[in-house]
Amino acid sequence: MSKSVRDMINEKNSNRSILHFTEKAAPLIFLLCAIVSVFTTLGIVFTLLIETITFFNRVSFLEFITSVEWYPFAEGNSSYGILSLVSGTLLITLIAMVVAIPIGLASAIYLSEYATLKVRKIVKPIVEILAGVPTIVYGFFSLTFVTPLLKNIIPELPIFNALSPGIVIGIMIIPMIASLSEDAMNSVPNSMREGALAMGSTRLEVALKVVLPAALSGIIASFVLGISRAIGETMIVAVAAGATPKLTLDVTESIQTMTAYIVQVSLGDAGYGSTIYYSIYAVGMTLFVFTLAMNLLAQYISRRFREEY
Amino acid sequence: MQVIDKDTVKRKTSKRLRKNRLLKWMFFLATLFGIVVLATLLYRIFTQGVGYLDWGFITSFASRFPEEAGIKAAIIGSLWLMAVTAPVSLILGVGTAIYLEEYAKKNKWTRFIQINISNLAGVPSIVFGLLGLTIFVRILEMGRSILAGGLTMSLLILPIIVVAAQEAIRSIPNDQYEASFAMGATKWQTIRRVVLPAAIPGILTGGILALSRAIGETAPLLMIGALTFIAFLPENVWSGFTVMPIQIFNWTSRPQEEFQYAAAAGIIVLLILLILMNSIAVFIRNKFTKRY
């Protein structure tokens, strides 16, 4: 052996300063990575805010939130009343939830209370594939399959309507509600089920009267998140709902949602600096506020009302 | 004296049991509904598009004539986009996860970052499109380029990757750290040589799933202004581009019926790519994920 241990230690020590440097630098570099996400949020808020302010310098805020006339493309007498876009969005969301909540919840009950472990292991991933299908594929499906199918039932249904994309968005959201609700129901301890079963309850009574109430906060939070997803969904409505902003409760009519309007403008050539250009930021801001409120609400519900066992 | 009337009990019990059985079947049918829709969707798109799908479709550019239209530019565009999105989002995402799990103190600032990330996950993708349009395309003057689109996509899928990486890191047991520290390794050495190698399967699984989400995403790129009709291949990250979902969207919204078949064929290509990516993710998870 030519080198003594002492030599090796000395050699190592001479590398110390480099080692010391990386030790100090690493956390800083990772902190920078983490800050990117904070800057993303700040970036979203600032860009939306600044362009929205420019928009409100040209269009009165009062008109924006009270008028039901949304005619941005009318030369000369264009009108910006977001209510018709909001109502279109809410109509689509309502249809989606009518589809997604009962089916999603029923799937969750089946998977957590009735299905054997083996069935659950096979079925759950298959249902979750639904959530991974690209939304443009759902849009195509809605336009070329669901709408013609619905036409058999409602003959006067136009090609572009609120019903078909609403149903399809509902289908897209089913796995989200099923999965989150099932998680909530699974975290209800078995001793509660066993107690109820020992008292002579049927499985159904256990599910509806014991597990469901105990898991209610998680279940409601999953509904709220589903609503948020439906509000922000873009491509399905852009393809299949048409582009007719109006205030209506008639599901067979063509409507326009906030997201679909933004897509419509981005496809055309609204010049940079035109009022139409700024209007997509005002609509985007409204959309952002809606979904943020929903997400915060869902977080609040699942934190505030979570029962610990 | 008979207190319990057995017949009454029997009648009432059998009624409750019948209700139980009936509802069980309804719950089962509801679960089946999703699967049936999925099967219908796949069957419909396959039968519509498979006749249109041939080698010419994959190797041709988009065209005004449906029978000549192909998806070449869109496939290459999607790959270019991934070449930007994958490294950026993985580096940022894993870096954030390491910071949060290994270095951050449990204080308000850390909680703020964490809440911020879960809120970002709930922001509609089209809002990310508005962000990309303003920051990358206009302010940083990247134009309607692959770079602008890729960076926007990276920010969009960042929350998914952060959460997946955090879970992967968290699942490494404490004795691994202790063993490494006991050998005299420093914190960064432990992270680089012990934590990261052990967490890589989990990170890759989450990363691939996030990227497959990005490949199917349309709205943000429409905002960025990815072109819907191009007959050239991108040369570098500053080139204009189109991606598969946008090409499909373009075909979907054309009036001629033949384009619907092109759209269906495009969807088949897209779905095959997604299934491939998901299988790789599942394979990695099954093969390399260790339980301690």
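1. Before the residue lists, one cut-off: contact here means heavy atoms within 4.5 Å. Please also keep in mind that this is a predicted model.

2. In chain B, Met244(B), Ile248(B), Trp251(B) and Thr252(B) of H10(B) meet a set of residues from H11(B). On the H11(B) side these are Phe259(B), Gln260(B), Ala262(B), Ala263(B), Gly266(B), Ile267(B), Val269(B), Leu270(B) and Leu273(B). By class, the residues of this H10(B)–H11(B) contact are ten nonpolar, three polar and no charged.

3. Now the geometry of that pair. Helix H10 (residues 244–252) of chain B packs against helix H11 (residues 258–288) of chain B with axes 8 Å apart and an angle of about 160 degrees. Angles over 145 degrees count as roughly antiparallel, so H10(B) is roughly antiparallel to H11(B). The crossing of H10(B) and H11(B) is left-handed.

4. The axes of helix H6 (residues 135–153) of chain A and helix H7 (residues 163–186) of chain A come within 9 Å, crossing at roughly 130 degrees. H6(A) and H7(A) are therefore oblique to each other, and their crossing is right-handed.

5. Which residues make the contact of H6(A) and H7(A)? From H6(A) come Thr135(A), Tyr138(A), Ser142(A), Val146(A), Thr147(A) and Leu150(A); H7(A) supplies Leu163(A), Ser164(A), Pro165(A), Ile167(A), Val168(A) and Met172(A). The residues in this contact of H6(A) with H7(A) divide into eight nonpolar and four polar, with no charged ones.

Technical notes
Residues are numbered from 1 along each chain as its sequence is written. Chains are lettered from A and ligands numbered from 1 in the order in which they are written. This is a predicted model: local features need pLDDT of at least 70, side-chain atom pairs count only at pLDDT 80 or more; totals for chains, interfaces and linings use all residues. Side-chain values use heavy atoms; hydrogens and water are left out. Axes are lines fitted to C-alpha atoms, for helices over the stretch in contact, and angles run from 0 to 180 degrees between N-to-C directions. Helices (H or I, at least four residues) and strands (E, at least two) are DSSP runs, numbered from the N terminus. Angles under 35 degrees count as roughly parallel, over 145 as roughly antiparallel, 65 to 115 as roughly perpendicular and the rest as oblique. A crossing is left-handed if the near helix is turned anticlockwise from the far one by less than a right angle, and right-handed if clockwise. Ala, Val, Leu, Ile, Met, Phe, Trp, Tyr, Cys and Pro count as nonpolar, Asp, Glu, Lys and Arg as charged, and the others, Gly among them, as polar.
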